[in-house]
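Me: I would like to go through some of the labels used for this structure and ask what stands behind each one.

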Amino acid sequence: MGAPLSVRARGGAALLAAAILAAPTARAQDDGPRVYQLTPKGAQAWTGFAVVKRGNEEPEVGTVIPGSDIDTDLVILRYVTTLSLGGRQFAPFVILPAGRTKFSINDGVTPPASSSGFGDLQVGGVLGLIGSPALSPADYARFKPGFSAGLFAKVYFPTGAYSAAKPVNLGSNRHAFQIGLPTGFAWGTSYRDPRLTTLEVFPTLTVYADNDDPYGADRSSKDTLFSVEGHLTHNLDPTTWLSADLLYRRGGETTTDGVAAGDATHGWSAGGSVGWVLDPRATLILTYQQVIERDDDGPDGGFFRAALVLPF
């Protein structure tokens, strides 16, 4: 039983550990369901994402241009592993997006623009605080889940394609720092329970450094952006699960050359996800989400993403 258990546990780890960047470039629309649940020590996975987003939001999430049409198409590569840090689960990850974004607005002034290449590199990790011990694959398979909470941190590096001559870019030309508290409750005999149900809540704060070379100005700053995502998930059988997803965002007002734009973001998005364990070495996850409520400066539109998780 040892080898088959380890293989199945690693397949489950890839499914649970997969983080999906649904937003344009390197900024997360939401991280997705079952991303920060417990996984066994030694689990590793590469995840490839295909992301299609349409709306009025720049590649840097929380920055909206009213009346605009911004199309962003991305391919994103993510690596994650699971380690033990003081007996707690620690999951560091690295994310690199690439793709293209196109912008147009019918104001008779702003020229259409496009940007392509690599997006902003991200490096981060999640440390388990409650209900997240570092477990071997065998112990993981026997572990009964309940309440869990962790500490999340991520740094965005300004490595993406950027030109001050364009109003919209794939890269953001500034660092950003994100912290969060992924929390959840699971009902089931184990994380491999074929009828597992989970409720997840993930609040985050994103703090932005200044852009010292913005379009048409000398300096641009951005207020802290608050977001919280929620996911109610349920296993249909050992290989398929569904999720109802909800996202709220507020803040992120921009100030350019000392003048506040009054463009703080406020909006709700809702959608759903479905995950299939194709075999112990491959998991497919599909997500769709649409803005359902916003103020005049809030984001509109929606996105679709597909993720293929490959544990090893």
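Me: What does T206 touch, not counting residues up to four places away in sequence?

Reply: T206 touches Y156, A176, F177, Q178, T224 and L225, where contact means heavy atoms within 4.5 Å. This is a predicted model, in which local features need pLDDT of at least 70 and side-chain atom pairs count only at pLDDT 80 or more, while totals for chains, interfaces and linings use all residues. Residues are numbered from 1 along each chain as its sequence is written, and side-chain values use heavy atoms, with hydrogens and water left out.

Me: Why is T206 called buried?

Reply: Buried means under 20% relative accessible area, exposed over 50%, and partly exposed in between (1.4 Å probe, protein chains only). T206 has a relative accessible area of 6%, so T206 is buried.

Me: Why does L232 count as partly exposed?

Reply: The relative accessibility of L232 is 48%, so this residue counts as partly exposed.

Me: Where is L232 placed, and what stands opposite L232 in β13?

Reply: L232 is in strand β12 (residues 225–237), a strand being a DSSP run (E, at least two residues), numbered from the N terminus. Opposite L232 stands A244 in β13.

Me: What makes β12 and β13 a pair?

Reply: Two strands pair if DSSP finds at least two bridges between them. β12 and β13 (residues 240–251) have 12 bridges and run in the antiparallel sense, so they pair. Together they form a hairpin with 2 residues between them.

Me: How many bridges join β10 to β12?

Reply: 10 bridges join these antiparallel strands. T206 lies in β10 (residues 197–208).

Technical notes
Helices (H or I, at least four residues) and strands (E, at least two) are DSSP runs, numbered from the N terminus.
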